[in-house]
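This report concerns a single protein chain.

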Amino acid sequence: MHEFQIIQSYFTSPPLRADLGVGDDCALFRVTQGHQCAVTSDMLVAGRHFFWDVDARTLGHKALAVNLSDLAAMGAEPLGFTLSLALPAVSEAWLADFSGGLLNLAREFNCDLIGGDTTKSVASLEHNGLVINITAFGQVPAGAAIRRDGARVGDDVWVSGTLGDAACALALLLRERSGEVLSVAEALALTALRPRLECPMPRVALGAALRGVASSMLDLSDGLAGDVRHVLQASNADVEIDCDALPLSSPLKNLNLEQECPLWHAWRDALTGGDDYELCFTAPVTQRDVLAALSIHVGVPLTRVGRVVEREGEAPNVLWRSENSPEGLVHMSEWRGYNHFS
């Protein structure tokens with residue numbers, strides 16, 4: 001198949017919202033009057049962001065989900081997206097599965113595929129040459145976008161869902177793929193947690209609901225320990241995090257107990273692993289009751305994990321606290337989030 005056959009066969013459908021979608025030199029779409037356009041872009045590279053032999057349907061889902069998560073972090077409503085693919089070879093079965101996962105998620109959020117590009121890549125011994133890049137577009141009422149620079153001293157720090165599941169699943173997968181035999185408890189944990197790694201669900205409804213409530217927000221793609229520092233840098237503040245309050249899923253906690261690991265092992269997954277695609281936000285203390293009701297309304301658990309404090313030095317600082325540690329402090333200053341160039 002050549003480029004245009006691939007596009008026509010797998011990535012063309014009547015646009016739901018765009019004025020002009022795939023097939024012309026440019027797509028055309030409009031933003032509702034009184035709104036701003038939000039734009040984000042993410043690249044996924046085989047061998048770096050996903051296993052080269054991962055299920056194509058889940059890969060299609062995740063490729064779009066990580067972009068929709070960025071829109072959610074600004075309180076934006078998805079409108080459309082472009083897709084660029086560098087393929088080492090053409091497999092119609094792979095394309096059918098990939099596009100199926102991608103477009104199913106797009107329809108769920110009423111988000112049009114409006115353009116992009118395809119080309120042949122060059123494989124190497126290190127990876128198979130597959131590269132996926134998506135640019136997503138959304139809209140948010142003018143002045144209502146939730147930015148990173150709005151956190152104020154005294155604000156609560158909140159996270160949605162649970163943290164560390166994807167990191168734990170990845171660690172177990174890496175061991176399994178190396179030939180190691182997992183214990184029964186580890187195999188059960190992997191089955192339970194693997195969807196969090198391969199099929200994250202972007203918190204779009206939650207992000208929109210937090211407009212006018214959250215003072216700052218971002219999505220957790222690289223781990224809370226690293227990502228929260230972006231808010232601190234933008235807002236010129238520090239933060240205290242209560243490690244005892246970190247929301248951990250039952251499979252992650254049970255595995256930790258089964259292996260008789262110290263609790264900080266689970267904290268490490270929750271804080272540094274990345275790929276959670278949950279929302280982390282700050283909000284005034286006066287919004288606690290509002291957030292309790294909002295959590296029920298959107299069906300997403302929200303957990304208060306810390307508070308914003310005065311900046312003490314030039315660089316943003318995170319103070320980790322736990323009642324289970326001497327002096328109530330956890331010495332994890334060296335812990336950071338995922339580094340794409342490490």
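## Basis of the model

The model is predicted, and local features need pLDDT of at least 70, side-chain atom pairs count only at pLDDT 80 or more, and totals for chains, interfaces and linings use all residues. Residues are numbered from 1 along each chain as its sequence is written, and side-chain values use heavy atoms, with hydrogens and water left out.

## Overall make-up

The protein chain has ten helices and eleven strands; these are DSSP runs numbered from the N terminus (helices H or I, at least four residues; strands E, at least two). Of its 342 residues, 49% count as buried, that is, under 20% relative accessible area with a 1.4 Å probe, protein chains only.

The chain exposes about 16,300 Å², of which carbon and sulfur atoms supply 53%; the areas come from the Shrake-Rupley method with a 1.4 Å probe. Among contacts (heavy atoms within 4.5 Å) between residues at least 6 apart in sequence, 86% join residues at least 24 apart.

## Packing of α4 and α5

Helix α4 (residues 165–177) packs on helix α5 (residues 184–198) at an angle of about 120°, and their axes are 8 Å apart. Axes are lines fitted to C-alpha atoms over the stretch in contact, and angles run from 0 to 180 degrees between N-to-C directions. The two helices α4 and α5 are therefore oblique to each other; angles under 35 degrees count as roughly parallel, over 145 as roughly antiparallel, 65 to 115 as roughly perpendicular and the rest as oblique.

The contact involves, among others, L170, L173 and R175 of α4 and L190, R194 and L197 of α5. Its residues divide into ten nonpolar, no polar and seven charged.

## Packing of α5 and α8

Helix α8 (residues 250–258) also packs with α5, at an angle of about 165° and with the axes 10 Å apart. The pair α5 and α8 is therefore roughly antiparallel.

From α5, the residues A185, E186, A189, A192 and L193 meet P251, L255 and E258 of α8. By class, this contact has six nonpolar, no polar and two charged residues.

R288 lies in helix α10 (residues 288–298). Because its relative accessibility is 32%, R288 counts as partly exposed.

R288 and V213 are 75 residues apart in sequence, with a C-alpha to C-alpha separation of 9.7 Å.

Technical notes:
Ala, Val, Leu, Ile, Met, Phe, Trp, Tyr, Cys and Pro count as nonpolar, Asp, Glu, Lys and Arg as charged, and the others, Gly among them, as polar. Buried means under 20% relative accessible area, exposed over 50%, partly exposed in between (1.4 Å probe, protein chains only).
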